[in-house]
Amino acid sequence: MTDTTIRRYTSERETEEDQTEEAESLVCPECGGSLLSDSERGETVCEDCGLVVEEDEIDPGPEWRAFDSKEKDQKSRVGAPTTNMMHDKGLSTNIGWQDKDAYGNSLSSRQREKMQRLRTWNERFRTRDSKERNLKQALGEIDRMASALGLPENVRETASVIYRRALDEDLLPGRSIEGVSTASLYAAARQAGTPRSLDEIANVSRVGKDEIARTYRYVVRELSLEIQPADPESYVPRFASDLDLSEEVERRARQLLQNAKEEGVHSGKSPVGLAAAAVYAASLLTNEKVTQSEVSEVASISEVTIRNRYHELLEAEDSVHP
């Protein structure tokens, strides 16, 4: 027999022995009956003859009881799940700002000073090098801008992942932290199907519109991100909601945009402008009139753009339904 055959034979024998031991451990060694685990007493007993097979077992469960989900969450000792939205993924310790002990009593002045020193050192240890400080600042910017734009948590998470990739690929030299973080958020919003216009992004960012656009193109190209062109229909619900318009207006606006796509009117046009014009036209067609200035303010585009796209949409509508 060769060495390979011997090793294979030995491995098969060990596997069979393990399976046999596992099968024997599930039945009573005296009568062959089924075993029952008693977690309260820490024992494993036979259901048929009552033989105690194991005792003083370790209980892996919690040592406390909970009578509802809220109480269970309060008593749970595990922390929050890991997240890319924090520079250390939420794995480090965070010292609370309240100057109170575990019983809710206020700390003395000496203890408060001690806790303040501990917080200071804790922050220093959490950001050990320039890369972590960079990441902490950028993720804070992403969270601030996403909150201002009303973007959901999944977009913030995606933006954080994109920024981490840009940092790992060494794309930041020569570009500002704010610029790359804003471009990451813009790309994440478009990937998630909840796009925001460049003007809206620029309004909450600390960098200009031109730098955002330039950095966005660079990040998308270097990271090979697959981002589809923004669909005008994805802007319609938000515009209609901000203008307090009915679902009928929203539905009519979607229909106008679909007709425009059939006629090829949307090609080369700003999706924000088309969406704003569709909402304006739909409001007139359903007798829920809003002014061009109101739509312009909500969509952050000029009234001239709304008027031009408005006529184009109506012409496309007449072509499809003469």
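Tyr186 and Tyr216 are both buried in this predicted model, and their rings form an edge-to-face pair, because the centres lie 4.8 Å apart and the planes meet at 65°. Tyr186 belongs to helix 6 (residues 177-191) and Tyr216 to helix 8 (residues 209-223), so the pair ties together parts that are 30 residues apart in sequence. A second aromatic pair joins Tyr235 and Phe239, whose rings are stacked, and here too Tyr235 and Phe239 are buried. A search of the whole structure finds three aromatic pairs, including the two set out below.

| Aromatic pair | Centre to centre | Angle between planes | Arrangement |
|---|---|---|---|
| Tyr186 and Tyr216 | 4.8 Å | 65° | edge-to-face |
| Tyr235 and Phe239 | 6.0 Å | 25° | stacked |

The side chain of Ser181 reaches the backbone oxygen of Ile177, the distance being 3.0 Å. When neighbours within four places in sequence are left aside, the residues in contact with Ser181 are Ala138, Glu141, Ile142, Met145 and Tyr163.

One of these contacts, Tyr163, is among the buried residues of helix 5, a group that also includes Val155, Arg156, Ala159, Ser160, Ile162, Arg164, Ala166 and Leu167. Against which helices do the buried residues of helix 5 pack? They pack against helix 4 (130-149), helix 6 and helix 8. Helix 5 itself covers residues 153-168, and its 16 residues reach 23 Å from the first C-alpha to the last, which is close to the 22 Å expected at 1.5 Å a residue. After helix 5 comes Asp170, a residue whose phi is positive, near 60°.

These details belong to a wider fold. The protein has 13 helices and three strands, and 34% of its 322 residues count as buried. Of the contacts between residues at least 6 apart in sequence, 61% join residues at least 24 apart. The protein exposes about 20,500 Å², and carbon and sulfur atoms supply 46% of this area.

Key. Residues numbered from 1 in each chain as written. Predicted model: local features only at pLDDT ≥ 70, side-chain atom pairs only at ≥ 80, totals over all residues. Heavy atoms only, no water. Helix = DSSP H or I, 4+ residues; strand = E, 2+ residues; numbered from the N terminus. Buried < 20%, exposed > 50% of the residue type's maximum accessible area, 1.4 Å probe, protein only. Contact = heavy atoms within 4.5 Å. Areas by Shrake-Rupley, 256 points an atom, 1.4 Å probe, with all protein chains shown as cover. Phe/Tyr/Trp six-rings, centres within 6.5 Å; stacked < 30°, edge-to-face > 60°. Expected span 1.5 Å × (residues − 1). Polar contact = N/O pair within 3.5 Å; in protein donor to acceptor, adjacent residues only side chain to side chain.
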